[in-house]
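This briefing is meant to be read beside the sequence and the 3D structure. Its points are grouped by topic.

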Amino acid sequence: MTSHDSKKIVEIHEHLHSDLPSDPALRVKALESLLVEQGMIDSAAIDAWIDLYAEEIGPKRGAHVVAKAWIDPSFRARLLADGTAAISELGYQGHATGHVIAVENTPAVHNLVVCTLCSCYPFTLLGISPGWYRLQEYRSRAVRDPRGVLQEFGVMIGDDVEIRVWDSTAELRYLVLPLRPEGSDGLGEEALAQLVTRNSMIGTDVLQPIARGR
Ligand code: FE
């Protein structure tokens, strides 16, 4: 059973600050062990939560939103006008979908998402954020040198294409609507969703043309 005894929480907080190792992975492990020991969480529940976000939600919900926008122009218009409302039409709601703005890539504009302050991310659409998204290097360089950062991801954006960088916050999270891959005409929503990569919805990937006849 979970208890929220505030005095106990304060004690744990003080204990953590006195004993925490500096390495983040060790720190997480120490935090988890302590919370388990205090009976405040259950390791199996944490594992189930991680599995849910990594495997079930993963980027699959975001890919569904993108594929639907590609094949349904009226959904696409609603998504761009009010991301939160359009996404809730698909049954996806929750903490991090309560304030989503969809930004559309076009031949003239490429969008890139970052959280310069910490690691705000639309996790109820994209699952757990990738490690690089949380790194200080990405968070600072994405703003200063987005073209250079994209090159390191293997994404070459022409000089004639404007790069717009969006800074996520706890109040606003962004979903990039990538350009639909060439050669994907005629594919249905499910097949299209399979083509959408997580990084393309953050802006660090562009979707490659697919071979015709496949
Ligand atoms: Fe953040």
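Leu 207 counts as buried, because its relative accessibility is 14% and buried means under 20% relative accessible area, exposed over 50% and partly exposed in between (1.4 Å probe, protein chains only). The model is a predicted one, in which local features need pLDDT of at least 70 and side-chain atom pairs count only at pLDDT 80 or more, while totals for chains, interfaces and linings use all residues. Residues are numbered from 1 along each chain as its sequence is written, and side-chain values use heavy atoms, with hydrogens and water left out.

**Surroundings of Leu 207**

- Leu 207 belongs to the segment that follows α12 (198-202); helices (H or I, at least four residues) and strands (E, at least two) are DSSP runs, numbered from the N terminus.
- Not counting residues up to four places away in sequence, Leu 207 touches Trp 70, Pro 178, Leu 179, Pro 181, Leu 195, Val 196, Thr 197 and Ser 200, where contact means heavy atoms within 4.5 Å.
- Between Leu 207 and Leu 179 there are 7.1 Å in space, C-alpha to C-alpha, and the two are 28 residues apart in sequence.

**The chain as a whole**

- Twelve helices and four strands make up the secondary structure of the chain.
- Of the 214 residues in the chain, 37% are buried.
- Among contacts in the chain with a separation of 6 or more, 67% are between residues 24 or more positions apart.

**Salt bridges**

- The chain has eight salt bridges, each defined as a side-chain nitrogen of Lys or Arg within 4 Å of a carboxyl oxygen of Asp or Glu.
- In helix α2 (residues 24-37), Lys 29 and Glu 32 lie three residues apart, about one turn of the helix, and their side chains form a salt bridge (3.8 Å, N to O).
- Lys 29 is partly exposed at 47% relative accessibility, whereas Glu 32 is buried at 16%.
- Another salt bridge, at 3.5 Å (N to O), joins the side chains of Lys 68 and Asp 72.
- The side chains of Glu 152 and Arg 141 also meet in a salt bridge (3.1 Å, N to O).
- Glu 152 lies in helix α10 (residues 146-152) and Arg 141 in helix α9 (residues 136-144), so this pair ties together parts that are eleven residues apart in sequence.
- With 60% relative accessibility Glu 152 is exposed, while Arg 141, at 15%, is buried.
- A network of salt bridges links Glu 137, Arg 141, Asp 145 and Glu 152.

**Surface patches**

- Patches are made of residues with over 30% relative accessible area and no salt bridge; like charges are joined within 9 Å, and nonpolar side chains (Val, Leu, Ile, Met, Phe, Trp, Tyr) within 5 Å.
- A patch of negative charge on the surface gathers Asp 42, Asp 47, Asp 51, Glu 55 and Glu 56; Lys and Arg count as positive and Asp and Glu as negative, with His and the chain ends not counted, and a charge is placed at NZ of Lys, CZ of Arg, CG of Asp or CD of Glu.
- Asp 47 lies in helix α3 (residues 43-57) and is partly exposed, with a relative accessible area of 46%.
- Trp 49, Ile 50 and Ile 128 form a nonpolar patch on the surface, together having about 280 Å² of accessible area.
- Ile 50 is located in helix α3 and is partly exposed at 37% relative accessibility.

Key
Accessible areas come from the Shrake-Rupley method with a 1.4 Å probe; for residues, only the protein chains shown count as cover.
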